[in-house]
Amino acid sequence: MADISINFAGIESPNPYWLASAPPTNTGYQVQRAFEAGWGGAVWKTLCEPVLNVTSRFGAHHFNGQRVAGFNNIELVSDRPIEDNLKEIYETKKRFPDHPIIASLMVEPQRDKWHEIVKRVQDVGVDGFELNLGCPHGMSERGMGSAVGQHPDLVEKSTLYAKEVAEVPVITKLTPNITDITATARAAERGGADAVSMINTINSLIGVDLDTWNPTPNVNGKGAHGGYCGPAVKPIALNMIGECARQPDINIPISGIGGISTWQDTVEFMLMGSGGVQVCTAAMHHGFSIIDDLTEGLSNYLDDKGIASVSELVGKSVEKYTDWSNLDLNHRMVARINNDICINCNKCHIACEDTAHQCIDMLIDENGNDYLEVREDECVGCNLCSIVCPVEGAIDMVDLEPTEPPMSWNNRESALEMLNNK
Amino acid sequence: MGNLLQNLLSDEDLAQNFAESKPSYNAQEALDEANRCLYCYDAPCIKACPTGIDIPSFIKKIASGNLKGSAKTIMEENPIGASCARVCPTEELCEGACVLNDSTKPIMIGDLQRFATDWSIKNEQVMFKVGKKNGKRIAIVGSGPAGLSAARELGRLGYEVTVFESKGEAGGLDTHGIVPFRLPKDISLWEVEQVESLGVEIRTNAEVGKDIFAADLVSDYDSVILTAGMSKVPMLGIDGEDLEGVYDAIDLVEETKNENYSTEFIGKRAAVIGAGNTAIDGATTSVRLGADNVKILYRRTEAEMSAYDFEYEFAKQDGVEFRWLIAPKRLIGDRNDHVKQIECVRMELKEAGSDGRMRPVEIEGSEFLMDVDIVIKAIGQTRHHQLIDEFGLEHHNGVVKVDNETYLTSQPKVYAAGDVVFEKGVGEAMAVSAAQQGKETAYAIHQQFKASELGNV
């Protein structure tokens, strides 16, 4: 059995799964239920001056009968008194000493405010802090959350202020509502952050009701932008993590967040540079019991791959993630249809015919049976057919023997430059 | 036992027995199933539908919540699409062709079609418009699937259409001949209303040869379409057929369609002669009328019977017993001339005859008596010979001869479609095929008039 425990920026956790700072970690009751179910750690719902919340608060993007492809919320930070939260953190920590509790904090970007809250929370015994510089709704209108996280200098200062008094690791949580997340990741590192976590939620409006024309979620006929998360945001999060991980000058651990719903997602996030992951929407959709498959699936994967510890995955795909100009222009890949598996729905044909490169033919064999075939010399290997194919294994994307040595755009440009300089 | 049941089974119970047996999808079931559809390109289900309904399109519209559009897509190609959703042998047509048969399980197209058309019925949608009148008058004899389809298409094309129906209500087989627990009469009557909403006049209780005459139709109208379907069950040709307690399966079904539930069956033993779909109807109707024991007697075996698999399954679920290789030799009555026994004979199968089916031959000396209270004849349907002769149409054993493409008969103004042209061994006598033929006949007539108009210019 592989070791799935992690040490993230000095914080020991029995597994890489932490509940993200969000509704699931609102109370001691919930976090204790999560630990009983097997969650490794929890980032407590953000402590701040208590706020007022509205109803309703959540919205979801359903797609073709699949519930919750994406999720959004306009709920703010904890609306419970800080002392209640601290008491419950203390009790939970006492019951589950081996499960890390990270306190998420949010205050205005002022030294005294950070010092005060860090000291106050530190006293009950937390394993780390996560600075919420990313919440995109509500709090940002009050100069906190993403209003701070969008300014690298404020990210650096806030981190610095927290670090000045923190005795446990400080994780700076970054907002994706920014042009280049590596800028704020660098700022956090400059401020002394022990780690960064990303991504917080993305500015979003889930939808508009077709009958009332109210935005969703709606509060007495009005709506406001909320934070988007869930499976739909996974590719955005994965890219931002990969972008940070591959910067030579960013050298602090990354806690990966954003649409993680399965053990496979976890492996991908870790390969792309996450030292651990945080989950929220999947738990909100299905309850805490999903941790069983998340941990077991991960463990079985590691065993199958002969990997002793989950930590060995961290960052293994980062060097494969690069600029487009480093990709091999001479690489050739084509689609091949396995007619024994193909069910002849012709989706590949019409996708290729109408929207790609017109190279999949609908044919009839000598026995009068329909079949599909790719004209490989015209196939550009775009993947579209294999993406729309509803049957696993019916279309393979095949690497062709290279006819030319690898050459990237950068190789080509420098070769041309050399020629021109001669 | 019989008396006890009689006391227990009220009229209401009997009516309940004849309510539609299969529950319809609820909205969530329909949505889930619709979302499973792959929306194939050049989909095989469309090709497998005799009327060519754009099935992926109507399913996509269910998924998107566009139920009005979904029902219209169905009814556009099939004017009896609500009935067909219930009576089509979908396993052998659209669902049988679904590509998901090769990976998981086929989309339940019939159930989805029923969901969409039921929505349309419930919401009283009007889907089609009357065409601009072109001055041509068409008479249609028979208001079943073929007649209704032809009438609707001609109405949309601007023809003045009059349908002559011998029975008191229009709809033909769907209204009178399909067991109500599979197809309630209301569904068929809604389809009739849809056709009437296009200005088509339907004259019921108008029988050719009695109330109106073929020669008058031919002279008074620009074209006549004969879509009279088939007639009663033929005589068995054995002694005792006129005894009390001997029923024609088609008449029996028609009675229940009209909500006349005989109490004669309660607690009784019924034997059905034949093993086609009509025999299944006769048997399952007997069960619902309270018969204690229902047997189907067939002179061949399970392998040769013409009932669809799902019909066979349905009858078995109802507790109907199947007795293979048995034929009736005569029906024996009691002193009140009520049937009390069937003299049966055992059969064996010999090499195939000209129709390709194994030939049943009596086993000499194997006669035995079977006690019964009711006998239901279901050995096929006779042809409307008299009607065909009245129009003076060429035919083969009552099957009207038509041009394969235009449905024109041997008479230049008379067309024929549906079961009147159905020949055993050539395709299947399905409502959906009749509907398609009705459409094609309408287009053929339209083409012919267009061509002659062009010729006159």
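In the predicted model, helix 3 (residues 111-122) of chain A crosses helix 5 (residues 152-165) of chain A in a right-handed sense, where right-handed denotes that the near helix is turned clockwise from the far one by less than a right angle, and left-handed anticlockwise. Helices are DSSP runs of H or I with at least four residues, strands are runs of E with at least two, and both are numbered from the N terminus. The two axes come within 8 Å and cross at roughly 45°; axes are lines fitted to C-alpha atoms, for helices over the stretch in contact, and angles run from 0 to 180 degrees between N-to-C directions. Helix 3 of chain A is therefore oblique to helix 5 of chain A (under 35 degrees counts as roughly parallel, over 145 as roughly antiparallel, 65 to 115 as roughly perpendicular and the rest as oblique). Residues contributing to the contact (C-beta atoms, placed from the backbone, within 7 Å) include Trp114(A) and Val118(A) of helix 3 and Tyr161(A) and Ala162(A) of helix 5.

In chain B, helix 10 (residues 145-156) and helix 12 (residues 185-196) pack at about 25° with axes 9 Å apart, and are therefore roughly parallel to each other. Their crossing is left-handed. Leu148(B), Ala151(B), Arg152(B) and Gly155(B) of helix 10 meet Glu191(B), Val192(B) and Val195(B) of helix 12.

The largest nonpolar core comprises 148 residues, among which Ile62(B), Ile140(B), Leu226(B), Val272(B), Ile376(B) and Ala416(B) touch the most other members. Such a core is a set of buried Ala, Val, Leu, Ile, Met, Phe, Trp, Tyr and Cys residues joined through C-beta atoms within 7 Å; a residue is buried if 20 or more other C-beta atoms, placed from the backbone, lie within 10 Å of its own, exposed if 12 or fewer, and partly exposed in between. Helix 18 (residues 431-456) of chain B gives the most to this core, with 7 residues. Leaving aside residues up to four places away in sequence, the contacts of Leu226(B) include Phe391(B), Val414(B) and Ala416(B).

By contrast, Asn336(B), in the loop between strand 9 (326-333) and strand 10 (339-350) of chain B, is exposed, with 9 other C-beta atoms within 10 Å.

Residues are numbered from 1 along each chain as its sequence is written, and chains are lettered from A and ligands numbered from 1 in the order in which they are written. As this is a predicted model, local features need pLDDT of at least 70 and side-chain atom pairs count only at pLDDT 80 or more, whereas totals for chains, interfaces and linings use all residues.

Note on methods. Contact = placed C-beta atoms within 7 Å.
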